Amino acid sequence: MGFPGGVSSCCRVVVAAATLVLLQLCGSTAAMAAAAAGGGGGEPGAKYKDPTQPLNTRVDDLVRRMTLAEKIGQMSQIDQENATANVITNYFVGSVLRGGGSVPAADAPPEAWVEMVEEIQRAALSTRLGIPAMFGIDAVHGHGYAYKATVFPHNVGLGCTRDPELAKKIGAAVALEVRATGIPFIFAPCVAVCRDPRWGRCYESFSEDPKLVQQMTSIISGFQGEIPANGRRGAPFVTGQHNVAACAKHYVGDGGTTRGINENNTVATFHDLLGIHMRPYYNAVIQGVSSIMVSYSSWNGVKMHANRFLVTDFLKNKLRFRGFVLSDWLGLDRITSPEHADYPLSVKLGILAGIDMIMIPYQYKEFRDDLITLVQNGTIPMSRIDDAVRRILRVKFTLGLFENPHADTSLAGELGKPEHRDLAREAVRKSLVLLKNGKPGEKPLLPLPKKPHGGRSILVAGSHADDLGSQCGGWTIKWQGLTGNNLTAGTTILDAVKSAVVPGTDVVYAENPDAGFVQQNKVKFGYAIVVVGEHPYAETAGDNSNLTIPAPGPNVIQNVCGSIKCVVVLISGRPLVVEPYLDAVDALVAAWLPGTEGKGVADVLFGDYGFTGKLSRTWFRSVNQLPMNVGDEHYDPLFPFGFGLETQPSVY
């Protein structure tokens, strides 16, 4: 049963009786029902269009005017590639996301992003009720998909700063850069408590410690703005047009799956679930987070997308969350195995569980038809539909979309601006963790002199020394990330080293030097900086059961550090196996995934700033120990949670 949304010009007649006849001739069932109900956003005095009316009054007024098809449209979030004007107007689509690598154009400037969003918005505003669309995008460590955006360290590094105020500042900067492209809604932050580094999303987690993750949810107040002292705690809140609606994810237990396998089963008592994985959501709700995304994973065998107890009974009723609950990409499909095996059942279970907005990038027609049938046959009560729509509209009103549906083009200069890059550079400095500094009985190697003794050269080696894409990791330009230096704007560690040393100092770069080269030139080099690590990945593709340093990293460490004093800088989204190399290296730095501002690494290596970062994760000896977290009974780490050597700034 379909509800074609368009009404041709022949149907626009003011007199109600004549309108019904003409609408019937035109075949527009949804519009006919709306006219019969006496609704119409164009009517003088429509309360939902009046910003002086109380929020709940506006929501109630608009919901009263909506047809079932229009309500289902608000519950639908489709991919931008499918969001043509006809689709938006015919299906009343209320939300669009940027997914699957779609961008306005290669290396698109802010203006191109704005026009892409505006085209969708114009279509939404042309519908009968003129409900604005809400465009969403992943921005998990900056506006990473946008060319020349500032890419901040991933959360695993930010957790090592132990600095909630810094996180809040980063959130505010990211909000401005996202708004510069006309987008008001982001799928961030990830507040997972990663308990096993084999998980491919572990770098999206601030820490294995729920208390630290709770502290770092301060980034939400950066994204959305601070709730005023007299404001209502727990209700969705966005300060204004320089802020964005945030989304805490992935509810709940995504960081505790068996063996760290993405989308797997989290086996835990309710007590442990509350004590570990639920705790960051308490803070997110208090800070007025606008939405919460449900996890693909299961809890004790029950898919989270079908878990009414945790989504409705606990999150909505117990915690009194008043924003909307969002599915993950094709999340309803994955309720069944194989995926999409019984889509009406998946829709039924997901909606009744309490999911309000469904991320259906492709099958929006099937979703609409199945949900209409489920409502009409009484399987899903209209009260559940109305609850979902009210929550979504509440966020749209809070965002100010009804008064300000269009982008503020004056913000274009916010994307990648120097102040944001300086903030990212600060975050890099504070996120670095010094794990070793000097061999036994010898002086510390760090900080490095900016001009080696005797005028010798500096060797920089390793695959990650001159690779901006690897510095940034996943969720940068593309979903899985990319390697190389032609992706976006930023500074590699190699370029940062060259900028930091005394002018005239010879810096030699060898990506993968063999032992012969090093032996022949070892007298030439005062010291070496070896930068190795993981290549970019995201979620399932990043699941890793061995966690070894990828080749040729081990050979580079062996060839260089066996002959020259060296500091190894490890670029990774999690701890890796490093114990076999510890004796050979003079210093070891965990740099995580620092993002576009490689100068933050050089700042600390050369002593302009001291090392202050502390491990947000336990550094294991062997993967056979995993999962192993602080507080466990048999805790035998290589470097414990909270470890980090410190240095003082140098005086030059």
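I count a residue as buried when its relative accessible area is under 20%. I am working with a predicted model.

**Proline 132**

I looked up proline 132 and started with its accessibility. Its relative accessibility is 0%, so proline 132 counts as buried. I placed proline 132 in the loop between α6 (110-125) and β3 (134-137). I then listed what proline 132 touches, leaving out residues up to four places away in sequence. The list holds Gly94, Gln121, Ala124, Leu125, Lys396, Leu401, Phe402 and Pro405. I also checked isoleucine 120, which is twelve residues from proline 132 along the chain. The C-alpha atoms of the two are separated by 9.2 Å.

**Arginine 391**

Is arginine 391 buried or exposed? I found 6% relative accessibility, and arginine 391 therefore counts as buried. Arginine 391 sits in helix α16, which covers residues 382-399. Leaving out residues up to four places away in sequence, I noted contacts of arginine 391 with Lys316, Phe321, Arg322, Gly323, Phe324 and Asp356.

**Helix α22**

Next I went through α22, residues 553-561. I marked Gly553, Val556, Ile557, Asn559, Val560 and Cys561 as buried. An α-helix has 3.6 residues a turn, so residues three or four places apart point the same way. Which elements do the buried residues of α22 pack against? I noted the helix α20 (515-521) and the strands β13 (457-461), β15 (525-533) and β16 (566-571).

**Second largest pocket**

I turned to the second largest pocket and read a volume of about 370 Å³. I counted 22 residues in its lining. Asp138, Trp329, Trp475, Trp479 and Glu539 are the ones nearest the centre of the pocket. By class, the lining has nine nonpolar, five polar and eight charged residues.

**Whole chain**

I finished with the protein chain as a whole. I counted 23 helices and 17 strands. The radius of gyration is 27 Å, close to the 26 Å that the globule rule gives for 652 residues, so the chain is as compact as a globular protein of that length. Along the principal axes, the C-alpha trace spans about 95 × 50 × 45 Å. I found that buried residues make up 62% of the 652 residues. Of the contacts with a separation of 6 or more, 76% are between residues 24 or more positions apart. I noted an accessible surface of about 23200 Å², with 53% belonging to carbon and sulfur atoms.

How values were computed:
Residues numbered from 1 in each chain as written. Predicted model: local features only at pLDDT ≥ 70, side-chain atom pairs only at ≥ 80, totals over all residues. Heavy atoms only, no water. 1 Å grid on protein atoms, 1.4 Å probe; cavity = no way out; pocket = protein on both sides within 12 Å on 5 of 7 lines; lining within 4 Å. Points joined across faces, edges and corners; volume = space filled by probe spheres on them. Nonpolar A, V, L, I, M, F, W, Y, C, P; charged D, E, K, R; others polar. Helix = DSSP H or I, 4+ residues; strand = E, 2+ residues; numbered from the N terminus. Rg over C-alpha atoms; globule rule 2.2 N^0.38 Å. Buried < 20%, exposed > 50% of the residue type's maximum accessible area, 1.4 Å probe, protein only. Contact = heavy atoms within 4.5 Å. Areas by Shrake-Rupley, 256 points an atom, 1.4 Å probe, with all protein chains shown as cover.
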